[in-house]
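Welcome! Have a look at the sequence and the 3D structure below, and then we can walk through a few parts together.

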Amino acid sequence: MGCGAGLAILGHYYPPCPQPELTIGAPDHTDYDFITILLQDHVGGFKILYENQWIDVHPKQGALVVNAGDLLQLVTNDKFVSSRHKVVANKVGPRVSVASFFMSETLQVIEPIKELLSKDNPVKYRGTTAKEYVDYYRAKGIDGTSALLHFKI
Ligand SMILES: O=C(O)CCC(=O)C(=O)O
Ligand SMILES: [Fe+2]
């Protein structure tokens, strides 16, 4: 499926913040890709939403965090759901992280895997391309809703 044909790497730098309760590090969002592999340093602040609660993902030396992204949710027809996550600001720091986003090629058609579909599990999303999905995700912005809704059948 070529889910790693278009790799993007993003480095983040979060300066220390004297009043972290007045700001955010990175807002609540899901990633647009298939999977994201995240390396965070020792500062911490990465949280995921699990059963409606924000859970700290404590940094562990040598460990990588693997997040399911929206396009994994789309191709698996919701079998794997993209993780909602955010980063809170810290008094200590700076905090540095590196995220690797695994994507397919720009014009590759991305659609629910046929073998996963059945009468009991009908197709939930229309096909798209990496370009169309990312363009839509970026134009919509991070507003607390999932870009996937736009591709629902
Ligand atoms: O800085 C982090 O730990 C997470 C960054 C993130 O969620 C992203 O780049 O999509
Ligand atoms: Fe993210």
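This is a predicted model: local features need pLDDT of at least 70, side-chain atom pairs count only at pLDDT 80 or more; totals for chains, interfaces and linings use all residues.

Residues are numbered from 1 along each chain as its sequence is written, chains are lettered from A and ligands numbered from 1 in the order in which they are written, and side-chain values use heavy atoms, with hydrogens and water left out.

## The annotated domain

An unreviewed UniProt entry carries the annotation "domain: Fe2OG dioxygenase" for residues 1-104. Its positions are given in the numbering used here, the feature name is shortened, and such annotations may be inferred rather than shown by experiment. Over residues 1-104 the chain is 42% strand and 6% helix, and the end C-alpha atoms are 8 Å apart. Helices (H or I, at least four residues) and strands (E, at least two) are DSSP runs, numbered from the N terminus.

## The iron ion

Which residues are the protein donors of the iron ion (ligand 2)? They are His 29 (NE2), Asp 31 (OD) and His 85 (NE2), lying 2.1 to 2.2 Å from the ion. Donors are N, O and S atoms within 2.8 Å of the metal (3.2 Å for Na, K and Ca); water is not among the atoms, so sites may look incomplete.

The spacing of the donor residues in sequence is H-x1-D-x53-H. The two histidines link distant parts of the chain: His 29 is in strand β2 (residues 26-29) and His 85 in strand β7 (residues 85-87), 56 residues apart. Both His 29 and His 85 are buried, where buried means under 20% relative accessible area, exposed over 50%, and partly exposed in between (1.4 Å probe, protein chains only).

## Around ligand 1

Ligand 1 is surrounded by 13 residues, and the closest are His 12, Tyr 14, Asp 31, Arg 95 and Ser 97. To count as near, a residue needs a heavy atom within 4 Å of the molecule.

An oxygen atom of ligand 1 lies 2.6 Å from an N or O atom in the side chain of His 12, and an oxygen atom of the ligand is also 2.6 Å from an N or O atom in the side chain of Tyr 14. For Ser 97, a polar side-chain atom is 2.6 Å from an oxygen atom of ligand 1.

Lys 86 is part of strand β7. Its C-alpha atom is separated by 5.5 Å from that of Lys 47, 39 residues apart along the chain.

Ser 100 belongs to strand β8 (residues 95-103). Is Ser 100 buried or exposed? Ser 100 counts as buried because its relative accessible area is 15%.

## Helix α2 and the segment after it

In helix α2 (residues 130-140), the buried residues are Ala 130, Tyr 133, Val 134 and Tyr 137. They cover an arc of only 90 degrees around the axis, so they sit on the same side of α2; the arc is that of the directions from the helix axis to the C-beta atoms. These buried residues pack against β2, α1 (70-75), β8, β9 (109-110) and β10 (128-129), with contact meaning heavy atoms within 4.5 Å.

Just after α2, Gly 141 takes a positive phi of about 80 degrees. Phe 151 is found in the segment after α2, and Phe 151 counts as buried because its relative accessibility is 0%. Leaving aside neighbours within four places in sequence, Phe 151 is in contact with residues including Leu 74, Tyr 125, Tyr 133 and Tyr 136.

Technical notes: A polar contact is a pair of N or O atoms within 3.5 Å; within protein, one must be able to donate a hydrogen and the other to accept it, and residues adjacent in sequence count only if both atoms are side-chain atoms.
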